[in-house]
Amino acid sequence: MDNPMPIIAETLTDRQVRNLKKDGFHAVGGVIGLYLRIVGINRYWVFRFKLNNKRRDLQFAKYPEKSLKEARERALVFRNLLAQGIDPLEWNKNKISELQLQAEHNKIASKTFRVLANDFIEYQISIGKFEEDSRELRLLKGRLKNYIYPVIGNILFEQVTHHHVAQILTPLWFDHQELCKKIRQNVGQIYKWAKAMQFTDMNAPTDFQVLEHLLPTKPKNQKRNHPMIPVKQIPEFVADLHSRPSISAKCLEFAILTASRSANAREALWGEFDFVNNRWTIPAVKMKVGDVNGDHIVPLSQQVKELLLGIRAESEEVSPYVFASPVGGGVLSDASLKTVIQRMHSERLQLMGKGYTDPKQLDKRTKLPRIATPHGTARASFRTWAQDDELGNDRRFSEKIAELCLHHKIDDSYNGAYERNEAMKSRTEMMQAWADYCYSEIVK
């Protein structure tokens, strides 16, 4: 460091400083290196110094916004830094950055979670992470609106705690694990973004090692009836399902339209179908009461036939199974159909705050409706529809015919010859009416 002794300037008074008019640098004295720089009508305080044989100018304030007295106090700080070997110019830059960050922090401290979440979304759109009309963004906004904002939307951003997040998750904890995971991720992303932008030093209040002590203990599995989609909601559900291209979704749609068990649909073979007479014959050995009722003949509605013929060419090339697993061409797992419903339920829950549940079956712990299952939707919903009085089906269709469609054991007087003759005609009409109802909200 090289700091030669500069010429000591005359110490000017306030009046003398005010009377300076000429453009250029004017030493004002009081502290070595303090100058008033005049450029037209603008006046600036400048601290001039030498460091490593190089002259440097630090312009640090305007005059008269900062008075002569204040300028000398600040110049003295710079002079002391220089004596310690510290570059006043770099020190001042860092100090300004600190002040800016503090100002930004003070601004953030007065903002609610909702405001920062909206800022987060706008930023992600601006950098191309989200498209304005993307499904991902719609789901995020749905989760914020239906679950996150009601609890923490109006709480100051830096006052949200793990207890608040646990409050969001608790009503969903037993039946909506995937949704809980998404909510934790979204809240965490917003806090990590705010930290990356240097808006806050706060860590996200989503640490599961903390949350697990605040969330209720999951109950042991209990055997219960299969939850079903309410009859009035079936057309909406099937329209949603029909829009999904996966083989698991097609299998579930087929199971619903034929009112068949998940295993029978998943294990269906192309050799079991007669497209001339429009029938699917399920061998007795595959049926739950096959030894009593024999083979189960399912009339194919027009919608089922179109579904099957639509996938036949591609499906038969890889497997004898109609709905072959994409991995290996074997039988789809039972979980694959359940996953379809759970995914549909989760997405609808996030977008609308209401998923695909059975309002008549409540979880014993949460008291919330249980998610519908493939079995309940394919069979229990069909059985309820078959005798629905609001739709007039209690007058249109025989209860015994509905039981035959489900291959349930019935009185012998309704089995045998009757089942082989008139029952098949009635069953065909019923299955076609069921398919028409299921497709009633599908726009062609």
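User: Buried means under 20% relative accessible area, exposed over 50%, and partly exposed in between, with a 1.4 Å probe and protein chains only. On that basis, how many residues of α6 are buried?

Analyst: In α6, 6 of the 8 residues are buried, so this helix is largely enclosed by the rest of the structure. Helices (H or I, at least four residues) and strands (E, at least two) are DSSP runs, numbered from the N terminus. The buried residues of α6 are H162, H164, V165, A166, I168 and L169.

User: What sort of model is this, and how are residues numbered?

Analyst: This is a predicted model, in which local features need pLDDT of at least 70 and side-chain atom pairs count only at pLDDT 80 or more, while totals for chains, interfaces and linings use all residues. Residues are numbered from 1 along each chain as its sequence is written, and side-chain values use heavy atoms, with hydrogens and water left out.

User: What covers the buried residues of α6?

Analyst: The cover includes α5, α7 and α8 (208–211). Here, contact means heavy atoms within 4.5 Å.

User: And the whole protein: how many helices and strands, and what share is buried?

Analyst: The protein has 19 helices and 9 strands. Of its 444 residues, 45% are buried. Among contacts between residues at least 6 apart in sequence, 60% join residues at least 24 apart.

User: Turning to α7, which of its residues are buried, and what do they pack against?

Analyst: In α7, the buried residues are L179, C180, I183, N186, V187, G188, I190, Y191, W193 and A194. They pack against α4, α5, α6 (162–169) and α14 (334–352).

User: How far does α7 reach from its first C-alpha to its last?

Analyst: Helix α7 (residues 177–196) has 20 residues and reaches 28 Å, close to the 28 Å expected at 1.5 Å a residue. The expected span is 1.5 Å times one less than the number of residues. After α7 comes Q198, with a positive phi near 65 degrees.

User: At what angle do α4 and α5 pack?

Analyst: Helix α4 (residues 113–126) and helix α5 (residues 135–152) pack at about 170 degrees, with their axes 11 Å apart. Axes are lines fitted to C-alpha atoms, for helices over the stretch in contact, and angles run from 0 to 180 degrees between N-to-C directions. The two helices, α4 and α5, are therefore roughly antiparallel. Angles under 35 degrees count as roughly parallel, over 145 as roughly antiparallel, 65 to 115 as roughly perpendicular and the rest as oblique.

User: Which residues meet there, in α4 and in α5?

Analyst: From α4, the residues are F113, R114, A117, N118, F120, I121 and I125; from α5, they are L137, L140, K141, L144, I148, Y149 and I152. By class, this contact of α4 with α5 has 11 nonpolar, 1 polar and 2 charged residues. Ala, Val, Leu, Ile, Met, Phe, Trp, Tyr, Cys and Pro count as nonpolar, Asp, Glu, Lys and Arg as charged, and the others, Gly among them, as polar.

User: What about α10: how many of its residues are buried?

Analyst: Helix α10 is mostly covered, with 11 of its 12 residues buried. Among them are K250, E253, F254 and L257. A259, which follows α10, has a positive phi near 55 degrees.

User: How do the axes of α10 and α14 cross?

Analyst: The axes of α10 and α14 come within 9 Å and cross at roughly 90 degrees. That makes α10 roughly perpendicular to α14. S248, A249, C251 and L252 of α10 make the contact with S336, L337, V340 and I341 of α14. These residues of α10 and α14 divide into 6 nonpolar, 2 polar and no charged.

User: On to strands: in what order do β5, β6 and β7 form a sheet?

Analyst: The 3 strands form an open sheet in the order β5-β6-β7, with antiparallel pairing. Two strands pair if DSSP finds at least two bridges between them. The edge strands, β5 (273–274) and β7 (296–299), each pair on one side only. Strand β6 (residues 279–282) pairs with β7 over 4 bridges, and R279 stands opposite P299 in β7.

User: Which loop holds N278, and is N278 buried or partly exposed?

Analyst: N278 lies in the loop between β5 and β6. At 25% relative accessibility, N278 counts as partly exposed. Its phi is positive, near 55 degrees, although N278 is a residue other than glycine.

User: Last one: which residues does a cis peptide bond join?

Analyst: A cis peptide bond joins Y63 and P64, with omega about 10 degrees. P64 lies in the loop between β4 (54–62) and α2 (68–83).
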